[in-house]
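Welcome! Here is a short briefing to read alongside the sequence and the 3D view. Take a look at them, then follow the points below topic by topic.

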Amino acid sequence: MSTAAITILGLGPGRWDDLTLQAHELLAQSVTQQHSVHFRTFIHPTVDQIRQAFPDLSLLSFDHLYDESENWETLYQQIASEVCAQATKQPVIYAVPGHPLIGETSVQHVLQMAREQGLTTTIVAGLSFLEPTFTALELDPFANGTQILDATVLAALDTTEVGGKVIPTIPLLVTQVYNRRVASAVKLALSEIYPDEWKVKLVRAAGVDSEEAVEEMSLFELDRRGQGLINHLCTLYIPPLDELTALRLPETLRYIIMRLRREPDGCPWDRKHTHQTLVRYVIEEAYEVVEALEENDLEKLPNELGDLLLQVYLHAEIARQSEEFNLGDVFEEINAKMIRRHPHVFGEVEVDHADQVIKNWEEIKRQERIDAGKDLRQESALDNIPQAQPAIVVAQEYQKRAIKAGFNFQNVDDLLAKLNEEIEELKEATTPEHKLEEFGDLLWMLIRLAQSMHVDAEQAIRSTNRKFRQRFQHMEEQARNAGRTIASYTIEEQINLWKQAKVELKETTA
């Protein structure tokens, strides 16, 4: 057997009979050459038998790192670093449970680090833990596909990353659930996408007759009932969720919309819609999101964002059925755009402040228009402003563009003079058409005045609308409590009710 700087030895799932002839040969050779064997962990049934068979063999382990490590992300990097450091002095044998390339994250770190340092490696294969685990679970891994994920990788994920790493509609095996602390972190991560009561199975020492055990429990019990079972030979099995049970996943919404639109067993109302008939719903749902944001109603916001997201998925499904595009195209477009427009995050561009980001953003958009074949010499400063937006928003954007192009008032006095001029012209208007025109001109100048004062006119009027609604509803409540209607009050009484509403609502929100 040729000597490499690092030889990675697979110990098999745990039975002495599962240790390969090549493994036996390597261990015997290590005694002769006085090479130490570094075990990822001594918690493996073959270790005692190796000690008995090769009493002169020097055995070391990295168990101390498991006890000392507070960071699961760096645990295997530490092991790989120590293995490679030893390999620069003399050949190293690194022994791991099962097959070195199946469910062994530490091995991947060793191989990568060895390549970077120019160290030679060889792998002595072993029977993996998969076969006995599938046997213990009576599971066919090819029937629905099976994911395999290291517990330390899963435990290190941010809660927002779990959905991107785990697909709960196919079976999942989580390896290396080696202690209660890891089990607790795994439980918390999986609880992001699985119900707390979801039944899971913890398998210990699969294939080792005297030690094999399988215990079923609810996911939330993993770090409680599983405590007596947990060690380095533990694998967690999570059965797949049905599409309609995986309620925390984008893929579930995609499935629901597909079912609603499907012929002939979908929903007639959903099937009849087109891109055009859904326009009003897109606008309506967007405004309901805005309302929840303005009211700072964080309990309502997830529901409203979901309604808006529903519209995105509906349009994507309609397009897929028409063979125009699909949801993947939507994700691809926005992901590529965000990466492209943030070179200071995903590229080499450096920025010091937000103004530089905006400047870069505008230049990137300009280049995108050139790449799309547009002649910028023919572009108007007022192009590419969606007309479906509220009129005040469109007016504000027109004014911003015009000011940027150099069309502006000299000072605020000139602006106020123009505002007074529009008021006078409105007074002189006599026909409905003329009044409409002059009132529009007056509104335009008020919006322009807001611009000069750095006030968002749309936000201002929405705030006033909200304030009026609250005060008027307070007046209605006072009238109902008195057994009256608003109309039954005199003007003076109504003014007093209004003043009372202002005071009481101000005290409530203070």
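Cys234, by contrast, is buried, with a relative accessible area of 1%. Please keep in mind that this is a predicted model. A search of the whole structure finds 0 disulfides.

**Strand β1 and its partners**

- Strand β1 (6-10) is mostly covered, with 5 of its 5 residues buried.
- Ile6, Ile8 and Gly10 point one way from β1, while Thr7 and Leu9 point the other way.
- In a regular strand, side chains alternate between the two faces of the sheet.
- β1 runs parallel to β4, and 5 bridges join the two strands; here Ile8 has Tyr94 as its bridge partner.
- β1 also pairs with β5 in the parallel sense, over 4 bridges, and Thr7 stands opposite Thr122 of β5.

**Helix α5**

- Helix α5 covers residues 105-117, and its 13 residues should span 18 Å at 1.5 Å a residue; the end C-alpha atoms are 19 Å apart, which agrees.
- Which residues of α5 are buried? They are Ser106, Val107, Val110, Leu111, Met113 and Ala114.
- An α-helix has 3.6 residues a turn, so residues three or four places apart point the same way.
- The buried residues of α5 pack against β1, α4, β4 (92-96) and β5 (121-124).
- Just after α5 comes Gly118, which takes a positive phi of about 75 degrees.

**The open sheet**

- An open sheet of 5 strands has the order β6-β7-β10-β8-β9, and its pairing is mixed.
- At the edges stand β6 (147-150) and β9 (213-218); each has a single partner strand, so one side of each is left without a neighbour in the sheet.
- From one strand to the next, the twist averages 25 degrees.
- Inside this sheet, β7 (residues 172-175) and β10 (residues 234-238) run antiparallel and are joined by 3 bridges.
- Val174 has Leu236 in β10 as its bridge partner.

**Nonpolar cores**

- In soluble globular proteins, nonpolar side chains tend to be buried together.
- The largest nonpolar core has 55 residues, of which Ile6, Leu154 and Leu236 touch the most other members.
- Helix α4 (residues 72-87) gives the largest share of this core, with 8 residues.
- A second, separate core holds 16 residues, including Leu11, Leu57, Leu59 and Ala95.
- Leaving aside its neighbours within four places in sequence, Leu154 is in contact with Leu149, Val162, Val166, Val174, Val186, Ala189 and Leu190.

- Is Leu21 buried or exposed? Leu21, which has its place in helix α1 (residues 21-33), is exposed, because its relative accessible area of 75% is over the 50% cut-off.
- The C-alpha atoms of Leu21 and Gly126 are separated by 9.9 Å, although the two residues are 105 residues apart along the chain.
- Where is His342 found? His342 is in the loop between α14 (327-340) and α15 (343-346).
- His342 counts as buried, because its relative accessible area of 16% is under the 20% cut-off.
- Beyond its neighbours within four places in sequence, His342 is in contact with Gly347 and Trp361.

Methods:
Residues numbered from 1 in each chain as written. Predicted model: local features only at pLDDT ≥ 70, side-chain atom pairs only at ≥ 80, totals over all residues. Heavy atoms only, no water. Core = buried A, V, L, I, M, F, W, Y, C linked by side-chain atoms within 4.5 Å. Buried < 20%, exposed > 50% of the residue type's maximum accessible area, 1.4 Å probe, protein only. Contact = heavy atoms within 4.5 Å. Disulfide = S-S within 2.5 Å. Expected span 1.5 Å × (residues − 1). Pairing = 2+ DSSP bridges. Axes fitted to C-alpha atoms, helices over the stretch in contact; angles between N-to-C directions.
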